[in-house]
Structures are given as C-alpha cells and as structure tokens.
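The tour begins with one term, then moves from the whole chain to two residues.

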Amino acid sequence: MPTPQFIVDLRAQIGHAPLWLIGVTAVVIRGDEVLLVERADNGIWAPVTGIVDPGEEPADAAAREVAEETGVTAMPERLAWVHVTPPVTHVNGDQAQYLDHVFVMRWVAGEPYPADDESTDARWYPRTALPVMPERMRSRINAAFDAGTETRFEWSAGS
C-alpha cells in the first residue's frame with residue numbers, strides 16, 4: 001500500500017500542505033547484513049520506512065511495513081533512535097515532516113523481494129558494503145548497529 005488511506009483522505013481536503021506524521025524506519029539485521037529496498041519513487045536505497053496507521057503501535061507498523069514491502073518476516077528488538085526528520089517534499093508534491101522511530105529488527109524468515117509497488121528491488125547488503133544512499137538513511141542504519149541498549153534521541157535542552 002503506497003499511501004495509507006487516511007493520508008489520501010486528508011490530502012483530498014488539504015492538498016499538498018504540510019502534514020506532521022508518525023513514521024518508522026525498520027533496520028532489519030541478519031548477522032552483519034542489513035535489508036535494503038530500492039525505492040520506486042526516487043530510486044534511492046534505504047531501510048524499509050513507512051507511516052504508522054492511526055491507533056497502530058510503532059513497532060507493529062515497522063514489522064508490517066517490512067512484510068508488505070519485502071516479504072520478509074522480522075521482529076522488533078528495540079527502539080534505536082527517535083528523531084524529527086527535516087521537512088520533505090515528496091515526488092508528487094506532498095509535503096510532510098515525520099517523527100521517525102528507528103527500530104532494530106531481527107530477521108525471522110523469508111528472502112527479500114519487491115513485494116509491492118513501493119520498491120523496485122529488495123536485498124541484503126553487508127554493513128561494510130552499503131550502496132550509495134543519502135546520509136539521513138545511513139545515519140539510521142548506524143544508529144541501529146552502533147547504539148547499545150539505550151534509545152538515542154535528540155534534545156535541544158529547552159533552547
């Protein structure tokens with residue numbers, strides 16, 4: 001499902017105006033490999049990302065998005081990073097900004113393939129040989145691999 005129905009309904013009312021959304025990034029790890037998808041909308045390689053549906057737990061959304069986009073079953077192990085993305089203008093002109101939850105996900109079963117129209121490819125990459133990708137995506141992968149057991153978060157100390 002490329003765009004959740006609740007967003008389609010909102011966009012019918014507000015057009016391309018900015019939306020504040022809850023997002024997830026699922027960094028699925030299998031040994032020293034990470035699962036990546038090549039996005040159909042902009043061609044970049046990235047971990048699986050998605051939007052949390054109304055009332056849905058973010059960890060459930062991460063597992064759902066992985067299954068929907070890659071056919072892989074993965075279980076959330078921990079929340080690695082919570083951060084606000086910079087404002088984004090999507091290819092279709094929609095504007096959004098996300099409260100992103102980066103989850104470390106453990107591979108359970110399945111080999112990746114582009115399971116829906118959001119991706120043109122899905123595959124495992126060794127962490128030491130990642131394809132070219134935006135730094136914002138590489139930072140999410142690094143947060144998943146590098147953070148200990150604590151969740152990283154941004155804090156401006158009241159400024």
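A residue is called buried when its relative accessible area is under 20%, and exposed when that area is over 50%. Please also bear in mind that this is a predicted model.

**The whole protein**

Display the protein as a cartoon. Its secondary structure consists of 3 helices and 9 strands. Along the principal axes, the C-alpha trace spans about 45 × 40 × 30 Å.

Now show the surface. The protein exposes about 8200 Å², and carbon and sulfur atoms supply 56% of this area. Of the 159 residues, 43% count as buried. Colouring by charge brings out 12 positive and 24 negative side chains, and the centres of these two sets lie 6 Å apart.

**First stop: His101**

Select residues 95-109, which form strand 7, and find His101 within this strand. Is His101 buried or exposed? Its relative accessibility is 13%, so His101 counts as buried, the cut-off being under 20%.

Show the side chain of His101 together with the backbone of Leu99. A polar atom of that side chain lies 3.4 Å from the backbone oxygen of Leu99. Which residues does His101 touch, leaving aside those up to four places away in sequence? They are Ile22, Gly23, Val24, Thr25, Pro58, Leu79, Trp81 and Val82.

**Second stop: Tyr98**

Remain in strand 7 and select Tyr98, which is also found there. Tyr98 has a relative accessibility of 13% and therefore counts as buried.

Tyr98 and Gly23 are 75 residues apart in sequence, yet their C-alpha atoms are 5.6 Å apart in space. Gly23 is one of the residues that Tyr98 touches, and Gly23 is also among the contacts of His101.

Beyond residues up to four places away in sequence, Tyr98 also touches Trp20, Leu21, Ile51, His83, Val84, Thr85 and His90. To finish, show the side chains of Tyr98 and His90: a polar contact of 2.8 Å joins them.

Methods
Residues numbered from 1 in each chain as written. Predicted model: local features only at pLDDT ≥ 70, side-chain atom pairs only at ≥ 80, totals over all residues. Heavy atoms only, no water. Helix = DSSP H or I, 4+ residues; strand = E, 2+ residues; numbered from the N terminus. Buried < 20%, exposed > 50% of the residue type's maximum accessible area, 1.4 Å probe, protein only. Areas by Shrake-Rupley, 256 points an atom, 1.4 Å probe, with all protein chains shown as cover. Lys, Arg positive; Asp, Glu negative; His and termini not counted. Charge placed at Lys NZ, Arg CZ, Asp CG, Glu CD. Polar contact = N/O pair within 3.5 Å; in protein donor to acceptor, adjacent residues only side chain to side chain. Contact = heavy atoms within 4.5 Å.
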